[in-house]
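Welcome! Please take a first look at the sequence and the structure below, and then read on for a short tour.

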Amino acid sequence: MFDGTQQNPTRRIVSLWFPRLSSDRFLRARPMEGPFALTIMERNANRIYCLNVKAEQLGLHQAMPLSDAHAFCPELHSMPADLHADQQFLLALRRWATRYCPWVGLEGTDGLTLDITGSAHLFGTEIAMIEDMHQRLMRAGLTVRIGLGVSRGAAWALAHYGKTPAPDDMQAALAALPVAALRIERKIDVALQRLGLRRIGDLMTTERAPLARRFGQGLLLRLDQALGVQPEEITPLKDPPHYAVRMSFPEPIGLCDDVMAGVKRLLVKLCDRLATEGHGARILLLSLRRVDRDTQEVELRLARALHDAHRILPLFQRKIEAVDAGFGIDQLRLMAPQVEKLPVQQLSHVSKGGKDQLDDLITRLGARIGLENIQRFLPADSHIPERSFIIAAAAFSEPSNAWAHSQPRPIRLFPPEPIAGTGSRPPARFRWRRMAMTTGRAIGPERIAPEWWMADDTWRSGLRDYWRVETRQGRRLWLFYTPQNPGWFVQGEFA
């Protein structure tokens, strides 16, 4: 028999459970009255994933098919769930919870675990700390249930199935909870209830050897973890690095040269840290605080991730010249909100100045028209002329040398334009774009078959026989003939 006398009363764990995390997050941004639910596709059906209190009061529940929910509650409002946004929101709550203690970890997808051992006195008492947590979360529009225990398992059990008891009643409170509070599998829970072991107290007064033989050591491990006999650590997440530096001035500045000098000093400090950690800044945000407390912001988007202060500094010049300094600037703050891991490069005496100059040019042009509007062509894996390339933003892609074709391709490609012609060879004379053309030389044919696995209306005519035609008027055209549906077309022009 087990009496739980070995538990460590000095350790104090708090479990925060957000039973409506997804719906609360959504309704914080878009409040609405009436029943509401978030849905997810599961087992070939759209099912309820999370719902608010009004929807539960009408008899709806999680995992219920959405069609059945609308039959029970026609006024139900529903939206698809965003699991990624929920996870990011939970991470934000984890950062918020570090105001109570430094050891905060995630508990599944809807909870947090806090080790408040030695931290409760900062708020007076444990009860005062828990009440502060509850009030702040309720004001934020979040539904939360809080459990306090001597172990992670006990806190989780009390948050999900019970109430936070006084320290003297901890073991009695755990004994009254159902066995499902031990975080065991559903099939083990059902089997224990069939044996009459419905409460944790029933397990505590039962011989351990038969339980181990019947259900394995996992059940006893969960029991020992809840009672604090077996330790269960909390692994706090590492906060992401924050790349930001600031500088305050005893006297306000307003000249562009003075601001650039300050930015240079900040850039050197920021880039040294980025270089040490092997990262490069992709976006830089400069905040200039004026003496009237107004803030001017300058954003610089780089074509490549950099940590070279000498290259970045001139790129700020034009934007800083447009800043309204007002009565003066008394603080500069430089932040890198987006950074990228830089690949390890082999040191060489060969200069890469040409590529660096191109990246700087893309950055300067992108500051005026947007980086996404500076584009380049990249090869695609298709023998269809229209699909043999893709257009990508130059700042977010690398040039490719894989333009391998057994036959030449025109420098200009446009939608097929019909011309008059008969037979399988290029017509001797034809009119194209209101111009009379005479064929001087024709090279071909190059037969291209359609990709049957791709639906494309422009290739419904079947095979195409392509010809390179040099006209006596000096135009070098790319013509094709469709033998299955006879006709001639011009699709491109060579240089």
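## Before we start

Helices (H or I, at least four residues) and strands (E, at least two) are DSSP runs, numbered from the N terminus. Residues are numbered from 1 along each chain as its sequence is written. This is a predicted model, in which local features need pLDDT of at least 70 and side-chain atom pairs count only at pLDDT 80 or more, while totals for chains, interfaces and linings use all residues, and side-chain values use heavy atoms, leaving out hydrogens and water.

## Confidence

The predictor's confidence in each residue is called pLDDT and runs from 0 to 100. For this protein its mean is 87, with 95% of residues at 70 or more. Over residues 1-9, pLDDT stays under 50. Where pLDDT is low, the predicted coordinates should not be read in detail.

Helix α10 covers residues 208-215, and its Leu211, Ala212 and Phe215 are buried (under 20% relative accessible area, with a 1.4 Å probe and protein chains only). Down the axis of α10, these buried residues fall within an arc of 100°, so they line one face of the helix; the arc is that of the directions from the helix axis to the C-beta atoms. They pack against α8 (186-194), α9 (200-204) and α11 (217-227), with contact meaning heavy atoms within 4.5 Å.

On the other side of α10, Arg213 and Arg214 are exposed (over 50%). Gly216 follows α10, and its phi is positive, near 90°.
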